[in-house]
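Subject: Structure handover

Hi,

Here is the structure we talked about. Please open it alongside this note; what I found follows below.

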Amino acid sequence: RILNIFAHKTVLAPMVRVGTLPMRLLALDYGADIVYCEELIDIKMAQCERVVNDVLGTVDFVAPDERVMFRTCSEEKGRVVFQMGGMGSALLSDPEKIESILSTLVKGISKPVTCKIRILPTLEDTVNLVKRIERTGVAAIAVHGRMREERPRHPVHCDYIQAVAESVSIPVIANGGSSDMVKTFEDMEKFRAAAGASSVMLARAAMWNPSIFRQQGALSVEEVMEDYIRYAVRYDNNPFNTKYCLCQMLRDRVESPFGKRLHAAQTNEEICEVFGMTDFYNKTKAELEARKAALQTNGDQSEQPKLEDDVITMPVRFERRDYPPQITPKMYLLEWSRKEKLDQPVYETEQRTQDRAFQSTVIIDNKKYRSALWEKSKKFAEQAAAIVCLRTLGLPEGRIGEEHSGLVNKRKRDDRKCAALDDNESAARKRHISEDPQEEEEEMIRRTKVVNGVCGQTTR
C-alpha cells in the first residue's frame, strides 16, 4: 500500500517561499499527484497555535507574532507532504543523527514519513547512507542528484539515483532534472527512466511554470500567473509571498516595465491592479466578508448562555483575527473588574488527556463562566472564557468593528499623562498605577494549580 502512495507519481518539490498553499493547489490542479510544502523549522512550528479559519476554510498554524507559518485546506488532504527541518544538506555528514531523527518520526506518528537527500561524493557512500535510511522504516526517499557543493548549472547525476533505486526496496523519487532534462510534461518520464526511479520531483521547472504537470501541455505563463493570483486572493496569501512567486514565473522579464510595476505592488489588491484583476479582487473580498458576517450572525444566534451546575456556559471560540493587535477579551474583562472595584478575574484551566485540548473557567464576582468548546491552547481557552463572561454581562469585548467601551483607551490616555510628568513626580505616580493589562496577563498565567486531577493553571 505504501509503495503505491509514492510510486509512479509527479511531485512538486519543497521550495523555500514557493511551496505555500496557492502554489501547491495550482500544481495539483495542473496534474501533480503530491505536493511538498516549503521546509519549515520544527522549533518554530512547535511554538505555533493551530487555528481553524472558518472564513477561508483552512487550518492555520500561527506563530506568536501572528504570522501564518503553514496553511492547508481540504482540497490538498492526502496529497500534501509537510516538510520539517531547517538544516538543508548539513545532516549528510551525520548519518547517526539522520537515523535517529527518522526512526523517532516513524515510531511517533501514524502518517508515512519520507526523506529527501543530496548525493554524497562517492557512489558507495551514497548507497550506504540510503540503505541506512531505509532501515528506519521511511516510506520513500527523494534523491536530488547533485552533491552538496554543486549548483543547478552542474549536470544531474542520474547514475547515482539509479544505483540508489536498485539498492533499496522503497520508492525512490528522482529530483534535480529541471535545468538540463525536464522542459515538458513528456520529459518527466524520460528523466524517471534515465534515473531508474519510481517517481519524479520537480522544483525550478515547476516554479517557473507549474502547468508543466499538465498532461495536455503547459499553459502560457500569463495564464498561469492569473490562476495563481486567484488562489492567492481566495486564501488571503501573504502579498510579499504572492509577489515573490509571480516574479519567479516572470524570470528574465522581472526587469521589464511590467515586472517593475509588479515589484512595486505592496498588497494583493495592488498586485491584482497590475494584472487587470481588480474586479475579481473586489468580488472575492466581498464574498469572504459576507461569509464572515454570516458566521458571526449564526454564532450569535446559537451563543445563548446556559447554566450548567454552577457555571454559565456558551459555545464560543476565540478567533485572534477578530481582534485588533494588542487587544484581547481578557484585557477588557480585567479593566471592567477594576472599574467595578471587583477582585481580578481568576482563570482555572484543565487539559483533556485524549487530545490535549484545553478548557478554562473564569471566576469573577463569585460567578463562573466557561466556553462549552475545547481549545487547542491554554491562552485561547482563557480568552474564550473571558468572552463568555463579557457577552453574558452585555459588555464589549474589543472585537474589530465593535463600539469600544473606552476602557482600554482610557488606560492609554492615563499612561500618556503620566509620561508627561517630570521624572520624580512620574515615578511617584507610577507606583500607584497598575501595570499594563497585557503584562498582567503574562503574570497571571505564571501561577499554576491542579484542577480535577489534571495539571491546569489559575490566575489571580
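Start at H144, which stands opposite N175 in strand β11. Keep in mind that this is a predicted model.

H144 also has a partner on another strand. It belongs to β10, and its bridge partner there is R118.

Now the strands themselves. β10 covers residues 140-147. It is mostly covered, with eight of its eight residues buried. Strand β9 (residues 114-119) pairs with β10 over six bridges, in the parallel sense. Strand β11 (residues 172-175) and β10 also run parallel, joined by four bridges.

β9, helix α5 (residues 123-134) and β10 form a β-α-β unit, and the unit is right-handed. A right-handed β-α-β unit is also made by β10, α6 and β11.

Next, look at how α6 packs. Which angle do helix α6 and helix α7 make? About 65 degrees, with the axes 7 Å apart. α6 spans residues 158-167 and α7 spans residues 185-195. Angles of 65 to 115 degrees count as roughly perpendicular, so α6 and α7 are roughly perpendicular to each other.

Which residues make the contact? On the α6 side they are C158, I161 and Q162. On the α7 side they are F191, A194 and A195. By type, the contact residues of α6 with α7 split into five nonpolar, one polar and no charged.

Best wishes

Methods
Residues numbered from 1 in each chain as written. Predicted model: local features only at pLDDT ≥ 70, side-chain atom pairs only at ≥ 80, totals over all residues. Heavy atoms only, no water. Axes fitted to C-alpha atoms, helices over the stretch in contact; angles between N-to-C directions. Helix = DSSP H or I, 4+ residues; strand = E, 2+ residues; numbered from the N terminus. Parallel < 35°, antiparallel > 145°, perpendicular 65-115°, else oblique. Contact = heavy atoms within 4.5 Å. Nonpolar A, V, L, I, M, F, W, Y, C, P; charged D, E, K, R; others polar. Buried < 20%, exposed > 50% of the residue type's maximum accessible area, 1.4 Å probe, protein only. Pairing = 2+ DSSP bridges. Right-handed = clockwise from strand over helix to strand, strands pointing away.
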